[in-house]
Amino acid sequence: MCEDLQKLIESGNYDEAIKLISTMIAADPDNDSLLFQRGKLFWKTGAVAAAMNDYAAAVKANPHSPAAVALEQAYAVQQFFNPDILNP
């Protein structure tokens, strides 16, 4: 992870961190580590759907990504708090 990104995350400036990491993903769209990191940032900001999309994209790029566990956990959280959202 680049130093600027790490500083933004440590300072809690998640919106700017998401912008920076999105630029990095645009240059390397199949980088599962970047997708996973952005997904975690989205989750922290409450953008659950965006987080889950990034986790899914990371898993598609690398089935062994830690995003696979995060995606399973995100589904579990969604089913717990709002089971109708996944079963219309």
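## A tour of the α2–α3 pair

Helix α2 crosses helix α3 with left-handed geometry (the near helix is turned anticlockwise from the far one by less than a right angle). This is a predicted model, where local features need pLDDT of at least 70, side-chain atom pairs count only at pLDDT 80 or more, and totals for chains, interfaces and linings use all residues. Residues are numbered from 1 along each chain as its sequence is written, and side-chain values use heavy atoms, with hydrogens and water left out.

**Select residues 14–27 and 32–45.** These are α2 and α3; their axes come within 10 Å and cross at roughly 155°. The α2 helix is therefore roughly antiparallel to α3 (an angle over 145 degrees). Axes are lines fitted to C-alpha atoms over the stretch in contact, with angles from 0 to 180 degrees between N-to-C directions.

**Show the side chains between them.** From α2, pick Tyr14, Asp15, Ala17, Ile18, Ile21, Ser22, Met24 and Ile25. Facing them in contact (heavy atoms within 4.5 Å) are Leu34, Leu35, Gln37, Arg38, Leu41, Phe42, Lys44 and Thr45 of α3. Colour this contact by class: 10 residues are nonpolar, three polar and three charged. Nonpolar covers Ala, Val, Leu, Ile, Met, Phe, Trp, Tyr, Cys and Pro; charged covers Asp, Glu, Lys and Arg; the others, Gly among them, are polar.

**Now select the whole chain.** Of the 88 residues, 31% are buried (under 20% relative accessible area, 1.4 Å probe, protein chains only).

Notes. Helix = DSSP H or I, 4+ residues; strand = E, 2+ residues; numbered from the N terminus. Parallel < 35°, antiparallel > 145°, perpendicular 65-115°, else oblique. Buried < 20%, exposed > 50% of the residue type's maximum accessible area, 1.4 Å probe, protein only.
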